[in-house]
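Please have the sequence and the model at hand while reading.

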Amino acid sequence: MRSLRFLPVLLLGLAGCQDALDSVSNKVEHPLPAKLVNKMKANDMSTRSPIMMRIFKEEGVLEVWKQKGNGRYDIIASYEICKWSGKLGPKFKEGDRQAPEGYYRIYPSQMNPNSSYYLSFNMGFPNSYDRSHNRTGSNLMVHGACSSAGCYSMTDEQVLEIYGFARDAFKGGQEYFLVEALPFRMTPENMARHRDNEHFEFWKMLKTGYDHFELTKRPPKVEVCERRYVFNQVPEQENMAFRAAQACPPAQVPQALASAHYAYEKSWNESFNAAVAKLDREEAREIAAAQEQAEREAERANREARRAAEIAANGGEPPANPVVSLFSAANPLSVLTPGTGAQAPATTQETAEPQAPDQTIQAETAVPVPTPSPLAAQPQAGAAAEGNPDKPFWKIWSSN
């Protein structure tokens, strides 16, 4: 009965959550919340200015960035990813339940207003890079319903806003928006932690695009050639195209960006090497501690083995404890004397060996007798004559 009293309150709370979504009569055109609109105005952003998104698996975050009046982008919203499946690393084949990693273009045709998972958009996997490596998969989405089998799943409330950002950007004329799907924030410390991962070289390639965005705060121009990603490459001839499985055309990064990236990489590498050295020291300490623990365990196992061997040699009984035997034996010294064991002492007159008289005399004369002090034999001056035993000792030789 006590539990039933709280049931209406619980049902009311659940109904409130449900009503929040049911009240959205047209979720596809549902406007962004006023707080986000005001935030955009405060940051010199239009509701229909271009966007880009960044996904970080390890941190479990999806970020929405929006263009400001000066052309640079700033973060406008960040959402905790409800679920993503698999582990760090790219998707390889259909059914591996891996969420993809890489750079993906999202066009209006990839938006799905009729999704079974509330709202969604297709990430476009496999892209040209994935296809050049024979990677397979389909229907990789960012969607609601908080359920994932290779997708990035959000709550319905979250995807309602994410979908709204994309919808408004397309209404503003954006051709496509970029999604950077990365394993983690590509800091020196994070890269150092994962330096032994099998995908490290792949991540180093993705990091170049990440770096360019960090430097410029503009989405990188992403192309694929020679089966690898290239970023912000300007071909020498305008009509030259990038083909995923073919050689890259003659191209280069703009000089200002190239110089900035060179300085950035130099500082980044110094931090990376310092992070690796720190991790190596910590790993060495952990290995040393583990080795000491293993040695202690081995020593304890050896003691237990020796103990078991002693018990087996003693007919299954534990060996006698010398300390216990010392206090339990009739003759404690016999326990400490090799070969005596627990032998009973001879107490009868017949078994005792007779002692020679001269030995007894020698034993008696061998004992030193104290000699009386000569001073003690002499009478004390004055004291005996006067019969004053209470005279202080410093007046013994005094006649007064």
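Is Cys82 buried, partly exposed or exposed? Cys82 is partly exposed, because its relative accessible area is 29% and the class of partly exposed residues lies between under 20% for buried and over 50% for exposed. The model is a predicted one.

## Disulfide count and pairing

A disulfide is a covalent bond between the sulfur atoms of two cysteines. With sulfur atoms within 2.5 Å taken as bonded, the count is two disulfides. When the bonded cysteines are numbered in sequence order, they pair as 1-2, 3-4.

## Cys82 and Cys146

The sulfur atoms of Cys82 and Cys146 are 1.7 Å apart, and the two residues form a disulfide. This pair joins distant parts of the chain, 64 residues apart: Cys82 sits in the loop between β3 (73–80) and β4 (83–84), and Cys146 in the loop between β8 (141–143) and β9 (152–153).

The torsion about the S-S bond of Cys82 and Cys146 is about -60°, so this disulfide is left-handed. Cys146 is partly exposed, at 23% relative accessibility.

## Cys225 and Cys248

Cys225 and Cys248 also form a disulfide, with 1.8 Å between their sulfur atoms. Here too the pair links distant parts of the chain, 23 residues apart: Cys225 lies in strand β11 (residues 222–225), and Cys248 in the loop between β13 (234–235) and β14 (251–252).

A torsion of about 85° about the S-S bond of Cys225 and Cys248 makes this disulfide right-handed. Cys225 is buried, at 0% relative accessibility, whereas Cys248 is partly exposed, with a relative accessible area of 21%.

## Cys151

Cys151 has a relative accessible area of 9% and is therefore buried.

How values were computed
Residues are numbered from 1 along each chain as its sequence is written. This is a predicted model: local features need pLDDT of at least 70, side-chain atom pairs count only at pLDDT 80 or more; totals for chains, interfaces and linings use all residues. Side-chain values use heavy atoms; hydrogens and water are left out. Helices (H or I, at least four residues) and strands (E, at least two) are DSSP runs, numbered from the N terminus. Buried means under 20% relative accessible area, exposed over 50%, partly exposed in between (1.4 Å probe, protein chains only).
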